[in-house]
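Let's take a walk through this structure together. Have the sequence and the 3D view at hand as you read.

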Number of protein chains: 2
Amino acid sequence: MKITFLGTASAFPTRERNHSGMLLDIGPEAFLFDCGENIQRQIRIAGISPMKISRIFLTHWHGDHVLGLPGLIQSFELNGRKSELDIYGPEGSAENFHMIRKAFNINTGFKINVHNIKTGKAFETEDFEILAHGAKHTILCLGFAFVEKEKIRINKDKIEKLDIRGPIVGELANGKDITFEGKIIKAKDFTFVQKGRKLTYILDAVFDEKLIEFAKNSDILICEATFSKDMQLDAKKKGHMTAQQAGKIAAKSKSKQLIITHFSQRYHDVTPLLAEAKKEFKNTIAAKDFLEVKI
Amino acid sequence: MKITFLGTASAFPTRERNHSGMLLDIGPEAFLFDCGENIQRQIRIAGISPMKISRIFLTHWHGDHVLGLPGLIQSFELNGRKSELDIYGPEGSAENFHMIRKAFNINTGFKINVHNIKTGKAFETEDFEILAHGAKHTILCLGFAFVEKEKIRINKDKIEKLDIRGPIVGELANGKDITFEGKIIKAKDFTFVQKGRKLTYILDAVFDEKLIEFAKNSDILICEATFSKDMQLDAKKKGHMTAQQAGKIAAKSKSKQLIITHFSQRYHDVTPLLAEAKKEFKNTIAAKDFLEVKI
């Protein structure tokens, strides 16, 4: 799995930073989190195949998080996309998207399903689920978590020693005890549980204890750090967090790594924000456009 | 006067080329021609003050020419703009803009006037006029011409010799004959006519003889050259021109300079397009993002 940052600015884009967007590539498909203006071009510059994007998750409907949507969809259409696209966002997303389609006369040869979601499970497969959490911002806003499910894995060394082969190995992997050469082989003795990875994405939110619970045990926590701690009151008023607060969420949620992003244009150099977050949580990096992180 | 190219791609933006946009700075104010996605960021990168933009001229409502509109307007609002903004586009522009406002919940502290215009005069001041021309494209589309009015200028050398001063000089400049020290001074003997400059902007159009008349005697003709001449049939089908056709319009309209733009992504290097246009009209250059041209 790999994440690629496509935009790391807040309200104003800068020479170096585009409006928000982050791609999570899980192998067979890719998910886009937020779709700020110009994301279609950022995707091209990053050398990512846009057709791999199967699902788009929108935190909220402020321009810097959604204005890239019509252009991205038009580029899908120009590329001859046929596969369905699913878009997830807070209440009102389906209605907003309907108006955008009308305003820009967007007709596509592929189906677009827009899902209005609330706190809870947004989407689930056999392998993972995506959870949403209502964050406090100036308008309805969501955080997202990509959570892989636990998997029972075969202990290959043990199996090889007994020379067990064929379909019965699959039965062990499914947690079933089997009989092999007259002996009962207990699944639990020949398998182990592989924990799933967790990635949490919190953009545009004021500091809130509930975010700690939502981010609990993340392998990677991506968190907004629009301002520095001397702007804490202003940050709250504008519906944002400081780098210090992002660091606190990472520490208290016992996350493994923190990546701060969504920086105000006032910080041309984000080193002070990074230092501030690191004081709270050491394993922090600052996102920049086109940064790739493997999970 | 100065023009700055903010985007020179066609349907697909590339690493080097943004979707369409061109700024004409006439000194006290600036006009934006087309507003493709990401123009607000291109304006920032170019170091242009966005607040100077008083009027926006849209050729047509394809995404690559208008998707930057909501973001640019939201950035005006974030910057605390108070002055009115006038937007000119083909029939349906006011209705489309109304839907965009609703979809993106755009509320501004400044007034936005959207004008649906047809072939003819789009806008006029004492000093210049902006003309529109219905171009042939796959949807309703306009070309624009910025035309300075002729001005009567005082011949300073002659005036100084006679030592004429004060308000009566202004009367001469207004074309009135005056009496000075008993003698009749004829305005036509002490003034000359300064011709106005003309800049023509033709984007997204098929080749058409009528464009030659519209571009007549341009100081600068900005013309689309999406494809090369070996793609001529395809170009026409898609509502576009070849570099050769752009060159022909420049030559036949007796324009002074041609700038070709709006290149298909297939031409990473536009040198062959430039050569093709130059064969028809020598004084041609190829636009690139952030190219500035003084008039």
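Which residue stands opposite A:Ile259 in strand 17 of chain A? Keep in mind as you look that this is a predicted model. The residue facing A:Ile259 there is A:Ile285. Strand 17 (residues 284–286) of chain A runs parallel to strand 16 of chain A, and three bridges join the two. To get from strand 16 to strand 17, the chain of A passes through helix 11 (residues 271–280), making a right-handed β-α-β crossover.

Now look at another neighbour of strand 16 of chain A. Strand 15 (residues 220–224) of chain A is also parallel to strand 16, joined to it by five bridges. One of the pairs here is A:Glu224 with its bridge partner A:Thr261.

What about the faces of strand 16? In a regular strand, side chains alternate between the two faces of the sheet. On one side of strand 16 of chain A sit A:Gln257, A:Ile259 and A:Thr261, on the other A:Leu258 and A:Ile260, and all are buried. With five of its five residues buried, strand 16 (residues 257–261) of chain A is largely enclosed by the rest of the structure.

A:Thr261 turns up again in the lining of the largest cavity, along with others including A:Phe5, A:Tyr201 and A:Ile222. Strand 1 (2–7) and strand 2 (21–25) of chain A each give two or more residues to that lining. The volume of this cavity is about 40 Å³, and its lining has five nonpolar, four polar and no charged residues.

In chain B, residues including B:Phe5, B:Tyr201 and B:Thr261 line the second largest cavity, which holds about 30 Å³ of space.

Key. Residues numbered from 1 in each chain as written. Chains lettered and ligands numbered in written order. Predicted model: local features only at pLDDT ≥ 70, side-chain atom pairs only at ≥ 80, totals over all residues. Heavy atoms only, no water. 1 Å grid on protein atoms, 1.4 Å probe; cavity = no way out; pocket = protein on both sides within 12 Å on 5 of 7 lines; lining within 4 Å. Points joined across faces, edges and corners; volume = space filled by probe spheres on them. Helix = DSSP H or I, 4+ residues; strand = E, 2+ residues; numbered from the N terminus. Nonpolar A, V, L, I, M, F, W, Y, C, P; charged D, E, K, R; others polar. Buried < 20%, exposed > 50% of the residue type's maximum accessible area, 1.4 Å probe, protein only. Pairing = 2+ DSSP bridges. Right-handed = clockwise from strand over helix to strand, strands pointing away.
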